Amino acid sequence: MPSEGSTYGDIHRYEPPRESTAAAVAIVLLTVVEIVLVGLFTFGLVNGWGLPDLTGAVGNMFLGTVLAAIFINLAFIMLLYRKEFLPDVMIVKKRRRKWEDLYIREEDVDGESITDGLGDSIKRAVYPYYKR
C-alpha cells in the first residue's frame, strides 16, 4: 500500500496493526475495572466520603486515590489500543528551510528596519481616514 511518490501527503510507510487477542481481552478486563472504579468513586461522592467531618481527610485521600487509579487505568487502556489496534503510518511531509517559517520571501531574510513606513503608520493611527 505504500506509494513510491515523494509528493506531500503520500504514504511512505504503512504497517498494519497486530490486533492480538490477548490485547483485546486485556482491554475488556481493564474496562471492567474502570467501570468498577468509576462506580466506587461515584458512590463515595454521593455518600459524602469526602465531607469535612472526623473522617473527612481520610475520605478525601481515598477518593483522590480512586480518581488517580481511574486515570491510570484509562491510560493503560488507551496505550494498549494505540499499540495493538491502530496502524503505523508515515506520511511524506514538506521539508522547509529555516527562514521559510519566519519570512515570506527569500530576500526578506534580513528583515525590515523599524523605521520603514513609520510615518505612514503614525498618520493612520492619528487620523484613521488618511489616504496615500
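Predicted model: local features only at pLDDT ≥ 70, side-chain atom pairs only at ≥ 80, totals over all residues.
A salt bridge is taken here as a side-chain nitrogen of Lys or Arg within 4 Å of a carboxyl oxygen of Asp or Glu. The side chains of Glu84 and Arg18 form the salt bridge, with an N to O distance of 3.7 Å. Distant parts of the chain are linked by this pair, the two residues being 66 residues apart. Glu84 belongs to helix H2, whereas Arg18 sits in the loop between strand E1 (11-15) and H1. The relative accessible area of Glu84 is 11%, so this residue is classed as buried, being under the 20% limit. Arg18, at 57%, is exposed, since its value is over 50%.

The largest nonpolar core consists of five residues: Leu37, Phe41, Leu63, Val66 and Ile70. At least two residues of this core are supplied by each of helix H1 (21-46) and H2. H2 provides the largest share, three residues. When neighbours within four places in sequence are set aside, Phe41 is in contact with Leu63, Val66, Leu67 and Ile70.

Leu67 is also one of the residues of a nonpolar patch on the surface, together with Phe71, Leu74 and Met78. The accessible area of these four residues together is about 380 Å². Leu74 is located in helix H2, which spans residues 56-85. With a relative accessible area of 34%, Leu74 is partly exposed; the value therefore lies over the 30% required of patch residues.

Notes: Residues numbered from 1 in each chain as written. Heavy atoms only, no water. Patch = residues over 30% accessible without salt bridge, like charges linked within 9 Å, V, L, I, M, F, W, Y side chains within 5 Å. Areas by Shrake-Rupley, 256 points an atom, 1.4 Å probe, with all protein chains shown as cover. Helix = DSSP H or I, 4+ residues; strand = E, 2+ residues; numbered from the N terminus. Buried < 20%, exposed > 50% of the residue type's maximum accessible area, 1.4 Å probe, protein only. Core = buried A, V, L, I, M, F, W, Y, C linked by side-chain atoms within 4.5 Å. Contact = heavy atoms within 4.5 Å.
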